[in-house]
Structure formats: C-alpha cells, structure tokens
Amino acid sequence: MAGLALFPVFSSPIGTLSAFLLQASRPTHLLLVPSSNLTLSFVPYLPLKIFWETHLAIEICLRDRIALSRKPNSNSDHTNSVSTICCHNFLVRKNMGRASPVFLILLALGFFIATYNLVTMIIHHRSASPGKWFREDLESQSLLDPIIEMPENVKRTKNAKLPFHVALTATDAPYSKWQCRIMYYWYKKQKEMPGSEMGGFTRILHSGNPDNLMDEIPTFVVDPLPAGLDRGYIVLNRPWAFVQWLEKATIEEEYILMAEPDHIFVNPLPNLAHGGLPAGFPFFYIKPAENEKIIRKFFPKENGPVTNVDPIGNSPVIIKKDTLEKIAPTWMNVSLRMKDDPETDKAFGWVLEMYAYAVASALHGVQHILRKDFMLQPPWDLETGKKFIIHYTYGCDYNMKGELTYGKIGEWRFDKRSHLRGPPPRNIPLPPPGVPESVVTLVKMVNEATANIPGWDTE
C-alpha cells in the first residue's frame with residue numbers, strides 16, 4: 001500500500017475541485033474509499049505524498065465521525081472504532097514520507113489554474129448570454145459569417161424560412177428599363193432555387209405614370225419629387241418613392257430587400273437579416289469616420305459615436321418592413337438636407353443619398369449586420385464564389401491580353417453607361433482570356449437574359 005492516497009468524493013466545492021484536479025491527471029489505480037455519507041465510490045487516484053494524504057485522511061475521519069454522532073441511536077463504541085481506524089490510517093501514512101516543496105508548489109499552482117479557469121468560464125458564460133456575438137456561415141446560417149458578428153439572441157432555427165419582398169426603384173428611361181428586365185429575369189430564376197427566401201417583387205416606378213413594362217414586371221407607380229427639388233440628382237427620388245410605397249402598397253412579407261436595377265442575382269439569396277437587425281453591404285467608399293465633421297451636421301454627438309453610422313447605402317439591404325417604415329421618412333429628409341448643404345453636397349457627390357440612409361438608420365438606433373458576401377462589384381471583385389448579387393456599376397475595360405485598363409476605354413469593354421438610350425445587343429462577345437471570372441460570369445448572365453426575354457429590343 002506504499003504511496004496510496006485516499007480520495008473520497010465530497011459534495012463540498014473544495015472536494016469537487018480536488019476531484020477535478022485529480023481526474024485531469026493520469027490516474028494509475030482505482031481505490032474504494034468511503035465518502036462522508038459512508039457510501040462507497042470508485043474514484044481515480046494518484047500516488048500522492050504525505051501532505052495531501054494527511055489532509056484527506058483527517059477530513060474523512062472528522063466528517064465520518066460527525067455523521068455517525070448525528071444519528072439518533074448512534075453507538076459510541078462504533079464511533080470510537082471508526083475514529084481509531086482513521087487515526088491508525090493517518091499514523092501509518094504519516095510514516096510513509098513527507099511532502100516535497102516541489103510537490104506543494106505544483107499543488108498550489110494546480111489549484112490556482114483550476115480556480116482561474118472556473119472563474120473565467122463563469123464570466124465568459126454570463127457575458128455570452130443574450131448579447132454575445134457569433135459569426136454566421138454562408139450555408140447553414142448558424143455560426144460563421146465572412147464579415148460580421150450577430151447576437152446569439154437573434155439566431156434563428158436552421159430550417160425556418162423568412163421570405164422577403166424584393167423592391168427596387170426605377171425610372172421610365174430606356175437605360176433603367178433594360179436593367180430592370182435583366183434583373184427581373186434572374187430574380188424569377190433564382191427565386192425557385194434551393195436556399196432562396198425571395199418572396200414577391202415590385203418595381204417602384206417614380207416617374208408618376210405607367211410605362212410599357214407594367215405587364216412584364218410587377219410595378220407600383222408613385223410620384224416623383226416636386227419639380228426642381230432633386231436639383232438634377234435623380235437618386236433623391238428613391239427615399240421619397242419608398243415612403244409612398246410603404247404607405248400605400250400591401251406588402252405581405254415581413255422583410256424587404258431594397259435592390260437596384262443593375263443588380264443580378266448570381267446565387268439564390270436567403271434572408272440575411274436576423275430579428276430586428278437588418279443586413280447590409282459595406283461599401284469601401286462610404287467612410288463615416290473619415291467624414292465626421294460633415295456627419296455631425298446630421299448626426300449630433302448626443303446621438304452617439306460616429307461609428308454608429310454604418311458604411312452602407314440603402315441597397316442592398318434586407319430589413320424588417322416596420323423598421324423601414326420608421327427610417328424612410330428620416331432618410332428622405334436627411335437626403336434633402338444634405339443636398340441643400342453645399343459642403344455636404346460637394347463632399348458626398350453621387351453617394352450622398354447612401355450616406356443619408358446610413359445616417360437616418362443611426363438616428364433611429366438601427367445598425368446593420370455587414371455582409372461582404374451580399375454582393376460583388378466587377379472588375380474589382382474577381383470571383384463570384386458564394387456571393388449573392390453582381391452589381392455592375394463599374395465599367396469593365398480590358399486589352400486583348402486580359403489586362404484591366406480602368407479609366408481608359410479598353411479593346412474589350414462592358415459598361416452599362418454605353419447603353420443609355422437603349423438596351424445592349426444580344427450575345428455580347430465574351431472577354432479575352434485572362435479576364436477575371438466575375439466579369440465573364442456577368443457577361444454570360446446578361447447574354448442568357450437577353451436571349452430569353454421576349455422583345456428584347458423594345459425600349
């Protein structure tokens with residue numbers, strides 16, 4: 001029995017922690033030991049030195065003696081016998097050796113580490129309760145997100161479907177029409193694919209009058225801003241169009257995707273929003289922190305740090321309908337105020353309305369889950385991968401070696417602005433070898449749509 005160590009299973013915290021420490025080590029034997037309630041338990045133990053054995057032997061002796069003495073008809077002789085046995089075991093073990101200083105240091109260190117880990121685990125668990133942030137996976141939407149975190153309390157069941165209504169604003173100009181037709185073609189195709197949560201579709205036409213696409217694309221006609229109010233910046237009609245549509249239309253879905261005519265659904269789009277948190281795309285050129293002086297004109301310090309203003313525009317954004325109903329009027333008013341301010345108008349230029357949406361959302365305390373996988377923008381994004389929307393706002397210019405010549409008209413090019421007065425032709429030539437996959441995919445998708453849309457050459 002040399003080197004054996006008694007190890008009773010106690011219900012006390014110290015006993016539990018001791019058990020944890022010993023079980024975390026490499027047990028060499030099993031020893032049957034009476035615990036404080038006189039039951040027998042199998043527990044792992046190690047050859048320990050006299051210090052630890054002495055402590056446990058005394059604790060067993062005292063606890064068992066107390067337990068027996070509390071019985072109504074306890075036999076004093078039996079109690080004394082137990083005490084004698086305990087003391088005998090103690091004396092035997094006392095002669096087995098003394099605890100080395102190294103062992104005592106290691107033991108103290110072990111207790112410290114275990115206690116530290118226990119406290120850290122408790123603190124971590126508490127902080128993780130409803131506000132812990134998780135990342136989300138592209139496919140399962142359960143844990144990992146390529147961009148951003150989302151709170152645990154807004155995670156939803158894997159198989160739960162939350163359809164969203166697709167809405168885009170448009171004019172009756174030929175340039176807007178052909179983009180809407182391609183966009184609607186790919187909406188219909190991707191909507192039926194597994195993984196899609198797209199619901200209904202509405203083209204919000206802010207020209208004030210119906211056009212020739214009313215029968216082809218579900219359309220809701222709203223009024224433009226009063227003449228001259230947009231100052232030639234047609235995009236100012238977008239927030240005003242959403243205000244009218246939200247007030248007058250019947251929208252069955254709880255969520256809305258704000259999209260644009262130059263969007264193509266390259267993969268089935270799930271609902272990326274979660275609970276009250278909308279999902280948006282972070283634009284590299286929307287930089288609230290770098291424009292704090294201007295942002296503070298519309299987002300005062302009492303509303304919070306400028307970092308509360310997300311680096312987004314209104315599109316693409318998936319958002320709850322009731323949340324958008326609150327934001328939209330503010331978005332419209334902030335847009336008009338920004339346009340009226342010469343410094344802001346000059347600084348923000350064509351992205352002014354995007355900044356206005358970001359500020360309006362922050363004024364209502366709404367922040368977005370930022371999803372880089374929401375959208376790609378050729379030619380800067382080279383691959384489609386698992387992203388959901390192609391945004392072809394930039395011109396794609398290449399020489400015949402497949403080299404980008406951005407800013408200079410290339411030997412091969414695709415630029416939507418080359419077709420302001422009418423649709424692009426069918427069967428656009430594919431780019432030369434070496435051009436990124438994203439550009440090739442864009443052209444192929446445009447060609448497929450134009451080949452299958454009846455009366456493509458119609459304005």
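In which hand, left or right, does H6 pass H8? This is a predicted model, and in it H6 passes H8 in a left-handed crossing. Helix H6 covers residues 237-248 and helix H8 residues 321-340; they pack at an angle of about 145 degrees, and their axes sit 8 Å apart. On the H6 side, the contact is made by Arg 238, Pro 239, Trp 240, Phe 242, Val 243 and Leu 246. H8 answers with a list that includes Leu 324, Ala 328, Trp 331, Met 332 and Ser 335. Sorted by class, this contact has ten nonpolar, one polar and three charged residues.

Now stay on H8 and look at its contact with H10. Here the axes come within 8 Å and cross at roughly 130 degrees. H8 brings residues including Ile 327, Trp 331, Val 334 and Ser 335, while H10 brings, among them, Leu 352, Tyr 355, Ala 356 and Val 359.

Of its 25 lining residues, Ile 234, Val 235, Arg 238, Glu 260 and Lys 416 are the closest to the centre. Arg 238 is a residue you've already met, in the H6 contact with H8. Strand E5 (164-170), helix H5 (174-191) and helix H10 (352-363) each give two or more residues to the lining, with the largest share, three residues, coming from H5. Overall, the lining divides into twelve nonpolar, seven polar and six charged residues.

Notes:
Residues numbered from 1 in each chain as written. Predicted model: local features only at pLDDT ≥ 70, side-chain atom pairs only at ≥ 80, totals over all residues. Heavy atoms only, no water. 1 Å grid on protein atoms, 1.4 Å probe; cavity = no way out; pocket = protein on both sides within 12 Å on 5 of 7 lines; lining within 4 Å. Helix = DSSP H or I, 4+ residues; strand = E, 2+ residues; numbered from the N terminus. Nonpolar A, V, L, I, M, F, W, Y, C, P; charged D, E, K, R; others polar. Axes fitted to C-alpha atoms, helices over the stretch in contact; angles between N-to-C directions. Left-handed = near helix turned anticlockwise from the far one by under 90°. Contact = heavy atoms within 4.5 Å.
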